[in-house]
Each structure stands twice: as C-alpha cells, then as structure tokens.
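I opened my notebook to look up a few things in this structure, one entry at a time. Here is what I wrote down.

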Amino acid sequence: RKRELASKKKSEEDEAMAKYITEERAAEEAANAMKERIESRKRELASKKKSDEDEAMAKYMEEEKAAEEAANAMKERIESRKRELASKKKSEEDEAMAKYMEEEKAAEEAANAMKERIESRKRELASKKKSEEDEAMAKYMEEEKAAEAAANAMKERIESRK
C-alpha cells in the first residue's frame, strides 16, 4: 500500500511536473512570440520612421530645388530686364547723339551757307566798288583829258591870236 501510495504520489508528481513543464514551455513560447511581435513591431516602426524621414527629406530637397529654381528664374528675369533697360538706354543715347550730330551738322551747314553769302556779298560789293572806282577814274581821266584838250585849244587860240 505504501508502495502504491508512493507510486501514485510519484505519478501525480510526474504528472504535475509534466503539466508544469508544459505550462512553462507554453509560457516561454508565448513570451518568445510576444518578444518576436515586439521586435517585429520595432523593426516595422523603425522602417516606417526611416521611410517617413526619407520622404520628408525628399520633399524638403524638392522644395529647396523648387525655391532655388524660382530664385534663379527671378535672377534671370532681373538680369534680362537690366540688359533690356541698358540696351534701351544705349539705343536712346545713340539716337540722341545722332540727332545732336544731325543738328550740329545742320547748324554748321547753315553757318557755312551764311558765311558763303557774306563772302559772296563782300566780293560783289568789292567788285561793284572797284567797278565804280574804275568808272569814276575813267570819267575823271576823261574830264582831265577834256580839260587838258580844252586848255591846249585855248592856249593854241591865244598863241594864234598873238
């Protein structure tokens, strides 16, 4: 009976130990499964975080590139406008200079024409004066000749009367 009880007790203990081992194994498996789920979730979150960071960085780089392109476009428009205004200014200055040169040339031509008219009038007057002087001299010479001839004739009449 003692052996039977001892055997029964041992069998119960073995059974309890087997149950305990089974429970321990199940608890360990559950813990390992939980640990694996936690690790998997950690990896998943880390991957998502990296993906979000990469996406944010890509978006930031895209925005930076767009801002840089906009800045470059603005800079190009400013430079283009500067060139346009400089070209317009140069064109206006060239036009003003051409107009000024044209006016100067016209003024010079008018001055030369006036000078030529004055010179021509001077020559004309000098020629007229010389002509008048020559005419007056010729008339004077004629009068002198006539006076001399008259004097000689008078002298001859006086001589012949003597």
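**Entry 1: the helix.** Before starting, I noted that a helix here is a DSSP run of type H or I with at least four residues, numbered from the N terminus. I also reminded myself that this is a predicted model. With that settled, I counted one helix and zero strands in the protein chain. Helix α1 covers residues 2–161. I looked up A113 and found it in helix α1. S131 lies in helix α1 too.

**Entry 2: the overall shape.** What does the C-alpha trace span along its principal axes? I wrote down about 235 × 15 × 5 Å. Next I checked the radius of gyration, which is 68 Å for the protein chain, while a compact globule of 162 residues would have one near 15 Å.

A113 and K139 are 26 residues apart in sequence, and their C-alpha atoms are 38 Å apart in space. For S131 and E116, 15 residues apart along the chain, I noted a C-alpha separation of 22 Å.

**Entry 3: buried or exposed?** I asked what share of the 162 residues counts as buried. The value I found is 0%. The accessible surface of the protein chain comes to about 15,700 Å², and 55% of that belongs to carbon and sulfur atoms.

A113 has a relative accessible area of 33%, so I put it down as partly exposed. S131 has 39%, so it is also partly exposed. The reasoning is friendly enough: buried means under 20%, exposed means over 50%, and partly exposed is in between.

**Entry 4: charges.** I found 42 positive and 46 negative charges in the protein chain, with their mean positions 4 Å apart. I also found a negative surface patch, formed by E62, E63, E64, E68 and E69.

**Entry 5: salt bridges.** How many salt bridges does the structure hold? My note says 13. I looked up three of them, listed here.

- E36 forms a salt bridge with R43, and their closest N and O atoms are 3.2 Å apart. E36 is partly exposed because its relative accessible area is 44%, and R43 is partly exposed because its value is 48%.
- D52 pairs with K48 in a salt bridge, with 3.4 Å between the closest N and O atoms. Both D52 and K48 lie in helix α1, four residues apart, which is about one turn of the helix. D52 has a relative accessible area of 38%, so I marked it partly exposed.
- E116 and R123 meet through their side chains in a salt bridge of 3.2 Å, N to O. E116 is partly exposed because its relative accessible area is 45%, and R123 counts as partly exposed because its relative accessibility is 49%.

**Entry 6: looking back.** My page now reads like this: a predicted model with one helix and zero strands, 0% of its residues buried, and 13 salt bridges.

Definitions and conventions:
Residues numbered from 1 in each chain as written. Predicted model: local features only at pLDDT ≥ 70, side-chain atom pairs only at ≥ 80, totals over all residues. Heavy atoms only, no water. Patch = residues over 30% accessible without salt bridge, like charges linked within 9 Å, V, L, I, M, F, W, Y side chains within 5 Å. Areas by Shrake-Rupley, 256 points an atom, 1.4 Å probe, with all protein chains shown as cover. Salt bridge = Lys/Arg side-chain N within 4 Å of Asp/Glu carboxyl O. Lys, Arg positive; Asp, Glu negative; His and termini not counted. Charge placed at Lys NZ, Arg CZ, Asp CG, Glu CD. Helix = DSSP H or I, 4+ residues; strand = E, 2+ residues; numbered from the N terminus. Buried < 20%, exposed > 50% of the residue type's maximum accessible area, 1.4 Å probe, protein only. Rg over C-alpha atoms; globule rule 2.2 N^0.38 Å.
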